[in-house]
Amino acid sequence: MNHGIMVTRSSMPPFEEYINEIREIWDSHWMTNMGPKHEALRAALKAYLSATEIDLLTNGHMALELSIQALRLQGEVITTPFTFASTTHAIVRSGLTPVFCDIDPVTFTMDTSKLEGLITEKTCAIVPVHVYGNVCNVEEIQRIADAHGLKVIYDAAHTFGVRYKGQSVANYGDVSCYSFHATKVFNTIEGGAACFRDPELGRRICQLKNFGINGPESVIGVGANAKMNEFCAAMGLCNLRHVDEEIAKRKQVVERYRARLGQVPGVQLNPIQPEVQPNYAYFPVLFDPEVFGASRDDVFDALFANEIYARKYFYPLTNRFQCFQGQFDSAQTPVARRVSEQVLTLPLYSALPLEEVDRICDIILRCGRK
Ligand SMILES: *Cc1c(COP(=O)(O)O)cnc(C)c1O
């Protein structure tokens, strides 16, 4: 067993609650293929996320891949490199070419002032990321997409429950893809969802997640297998009952971090965005070594020595991955490059005691200038 503090800890319902939830699966022997738990969770999430339409998938990555494939895209896709491997991989694995746009230095989302300059006659879509739950410049992205006839697929993996101007962020773009991985604010162990408005697009995603099968004797697409099983859906039904309470506890942790680190020279915190109701998914901190007196790596090491496992999240940039060696130039995305070298994501989960937050902050502050 580890005794240290990890960057996150998965939310789980009371054991008995889960056992009760899966009891019916033993009665019916219906373990997967869009059973009653899948349908119940789909309906519950549709309401919780105020989604026009929603489908459930095995994970957030397959939500991205199958959404991209359902839109039948070809050519170049503009995205950001300051994200999890999944975003870029979903584009490349679908036979498309990622074109990297730099990020905003405050919100870490796509810098829309640099977006139009990257559009060519080959551009077919934009894949922005609501990174850390920070909402992208959704209005400007839609304006540019409309002006150039581009599709928009949001990587909304970090945005469970986030609202912007009182509305769920699920309904922006052609598709918004959520992840319900064990490490996310809301989890189904592994899982994901695609939210969309066009029912025809939904039919294609639904077929693609089940081998392209259209009927007992009809296969109309070269699909994959990405169906959420009943056990994962049952976990989701349980966790959904507790998620508001989990988010409220996360808020307390975040407020303690902000109180301790908010006024420290050389330390930049995640922004509080106007008109956004956040979900407190992550607590990224940027260290400017010149001003703070210690680098991100120094702080990482100091925490590590105390068995506190913060994450260099996101580092390296996806356009610097070894698997893409020689294909992209991270000098084209200098802000993302700098942020990835200065950022550290601190431990954050609902059960993290505030005394531990204080201890983490004490260690960080000791790294800086005296
Ligand atoms: C977690 C995550 C994904 C992938 O989701 P999985 O459910 O793990 O497949 C995609 N994008 C981002 C930004 C993520 O954090």
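1. A search of the whole structure, which is a predicted model, finds one cavity of 30 Å³ or more. A cavity is here a set of points, on a 1 Å grid over the protein atoms alone, where a 1.4 Å probe fits but cannot get out. The space in this largest cavity is about 60 Å³, a volume being the space filled by probe spheres set on the points, with grid points joined across faces, edges and corners.

2. The lining of the largest cavity consists of Ala157, His158, Phe160, Thr183, Lys184, Val185, Phe186, Arg250, Ala281 and Tyr282; lining residues have an atom within 4 Å of a point. Six of these residues are nonpolar, two polar and two charged. In this classification Ala, Val, Leu, Ile, Met, Phe, Trp, Tyr, Cys and Pro count as nonpolar, Asp, Glu, Lys and Arg as charged, and the others, Gly among them, as polar.

3. The largest pocket holds about 500 Å³ of space. A pocket is an open set of points with protein on both sides within 12 Å along at least five of seven lines. Of the 32 residues that line the largest pocket, Phe84, Thr183, Lys184, Tyr282 and Tyr313 lie nearest its centre. Helix 3, helix 4, strand 8 (175-179) and strand 15 (343-346) are the elements that give two or more residues to this lining; helices (H or I, at least four residues) and strands (E, at least two) are DSSP runs, numbered from the N terminus. The largest share, three residues, comes from helix 3. By class, the lining has 14 nonpolar, 13 polar and five charged residues.

4. The second largest pocket has a volume of about 310 Å³. It is lined by 18 residues, and Arg258, Pro271, Ile272, Pro278 and Tyr280 are the closest to its centre. Helix 7 contributes the most to this lining, with four residues. The lining divides into ten nonpolar, five polar and three charged residues.

5. Helix 7 (residues 230-261) and helix 11 (residues 354-367) have axes that come within 10 Å and cross at roughly 30 degrees. Axes are lines fitted to C-alpha atoms, for helices over the stretch in contact, and angles run from 0 to 180 degrees between N-to-C directions. The two helices are therefore roughly parallel to each other, a term for angles under 35 degrees. Gln252, Val253, Arg256, Tyr257, Arg260 and Leu261 in helix 7 meet residues of helix 11, including Leu354, Val357 and Asp358; contact means heavy atoms within 4.5 Å.

6. Helix 3 (residues 60-70) packs against helix 4 (residues 85-93) at an angle of about 35 degrees, with the axes 9 Å apart. His61, Leu64, Glu65 and Ile68 in helix 3 meet Ser86, Thr87, His89, Ala90, Ile91 and Arg93 in helix 4.

7. A cis peptide bond joins tyrosine 313 and phenylalanine 314, with omega about 15 degrees. The bond from tyrosine 315 to proline 316 is also cis, with omega near -5 degrees. Proline 316 lies in the loop between helix 9 and helix 10. Histidine 29, although not a glycine, has a positive phi of about 60 degrees.

8. On conventions, residues are numbered from 1 along each chain as its sequence is written, and side-chain values use heavy atoms, with hydrogens and water left out. Local features need pLDDT of at least 70 and side-chain atom pairs count only at pLDDT 80 or more, whereas totals for chains, interfaces and linings use all residues.

How values were computed
Parallel < 35°, antiparallel > 145°, perpendicular 65-115°, else oblique.
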